[in-house]
Amino acid sequence: MASSAQDLGPVLDKDGVRLTVDDAIATVTLTNPAKRNAQSPALWRALTEAGRLLPGSVRVVVLRGEGKSFSAGLDRQMLTPEGIEGEPSFLDLARSAEAGLDATIAAYQEAFTWWRRNDIVSVAAVRGHAIGAGFQLALACDLRVVADDVQFAMRETSLGLVPDLTGTHPLVGLVGYARALEICVTGRFVAAEEAVNTGLANLAVPAAELDAAVRDLAAALLAAPRDAVIETKALLRGAQERTYEEQRAAERAAQGRRLRDLAGLGE
């Protein structure tokens, strides 16, 4: 029997992020419930590091937040003139040359990009507030299981900013342009029922059942052979960018690889 993640100890535990690994399942936990898991550049760097530290055995990554909120978004200190000590303030960013500003935001975005790698399936377990950067972090994952108390909101536009942590692409893909525009511009809350009905969430359960529901989903995701899951994810991820005929060709090529591998004829 595999050792538990608790027995193994965390692979990473810093700046509000803890990564534990139990065989094929990794869990990334936001660990600052006193601030409702507010996000900062240090947290984003830790999330990026967590992605780099994933062992090759990992097939499913679960993202969760300690406490009653998944993540209430940006640490509001980032919005003050002095900002967070040791980090560029918003005023510093505004004064940056265009290339420097672009590079800084690109570095922040790295915390949100690796969740969609083809070799893993990522699942966000979301309860309570998932606001702004918190909403975008949940959107970074492949799947979302939510508690019935979930409150999604994209508040950047209300603050005079735009969502810039990779959330706009998956949001439009999930709910369509018109609803995505309305959600972003109004900054309103999206609760569990609407999240499921519009495709933002795969499943909503009572808060007390969230962890169990995620465990069941992770087990189901692990039931299929890994290489078939990787090929299927790659097919689905690329479908929106391909024409119908290109997708047909991609399916044929992927199936050819799978058949050769199953027959022992792979490269």
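Modeller: A residue is called buried when its relative accessible area is under 20%, exposed when it is over 50%, and partly exposed in between (1.4 Å probe, protein chains only). This is a predicted model, in which local features need pLDDT of at least 70 and side-chain atom pairs count only at pLDDT 80 or more, whereas totals for chains, interfaces and linings use all residues. Residues are numbered from 1 along each chain as its sequence is written, and side-chain values use heavy atoms, with hydrogens and water left out.

Colleague: Let me begin with a helix, then: which residues of α11 are buried?

Modeller: Helices (H or I, at least four residues) and strands (E, at least two) are DSSP runs, numbered from the N terminus. An α-helix has 3.6 residues a turn, so residues three or four places apart point the same way. In α11, which covers residues 244-262, the buried residues are Q247, A250, A254, G256 and R258.

Colleague: What do the buried residues of α11 pack against, and how many Å does the helix reach from its first C-alpha to its last?

Modeller: The buried residues of α11 pack against α10, residues 226-238, where packing is judged by contact, meaning heavy atoms within 4.5 Å. With 19 residues, α11 reaches 27 Å from first to last C-alpha, close to the 27 Å expected at 1.5 Å a residue; the expected span is 1.5 Å times one less than the number of residues. After α11 comes G264, whose phi is positive, near 75°.

Colleague: How many disulfides does the model hold?

Modeller: A disulfide is a covalent bond between the sulfur atoms of two cysteines. It is assigned here to a pair of cysteine sulfur atoms within 2.5 Å, and by that rule the count is zero. The sulfur of C141 has its closest cysteine sulfur in C184, 18 Å away, which is too far for a bond. C141 is buried, with a relative accessible area of 0%, and C184 is buried as well, at 11%.

Colleague: Which residues touch the most other members of the largest nonpolar core?

Modeller: A nonpolar core is a set of buried Ala, Val, Leu, Ile, Met, Phe, Trp, Tyr and Cys residues joined through side-chain atoms within 4.5 Å. In the largest core, which has 50 residues, L47, W115 and F152 touch the most other members. Helix α5 (residues 133-140) contributes the largest share of this core, six residues. A second, separate core of 13 residues includes V123, V145, A147 and A218.

Colleague: Which residues does W115 contact, leaving aside neighbours within four places in sequence?

Modeller: W115 is in contact with V28, L47, V61, L63, I120, S122, L137, A140, C141, D142 and K233, with those neighbours left aside. S122 lies in strand β5 (residues 121-126) and is buried at 0% relative accessibility. A polar atom of the S122 side chain lies 2.8 Å from the backbone oxygen of W115. Beyond residues up to four places away in sequence, S122 touches V61, W115, A140, C141, D142 and L143.

Colleague: How many aromatic pairs does the structure hold?

Modeller: Rings of Phe, Tyr and Trp (its six-membered ring) pair if their centres lie within 6.5 Å, and planes under 30 degrees apart count as stacked, over 60 as edge-to-face and the rest as tilted. The structure holds four such pairs. In one of them, W44 and Y108 have ring centres 4.8 Å apart and planes at 50°, so the pair is tilted. Because W44 lies in helix α2 and Y108 in helix α4 (residues 98-113), this pair ties together parts that are 64 residues apart in sequence. W44 is buried at 3% relative accessibility, and Y108 is buried at 10%. In another pair, W114 and W115 have ring centres 3.9 Å apart and planes at 20°, so these rings are stacked. W114 is buried at 8%, and W115 is buried at 0%.

Colleague: Which residues form one aromatic cluster?

Modeller: That cluster is formed by W44, Y108 and F112.

Conventions:
Polar contact = N/O pair within 3.5 Å; in protein donor to acceptor, adjacent residues only side chain to side chain.
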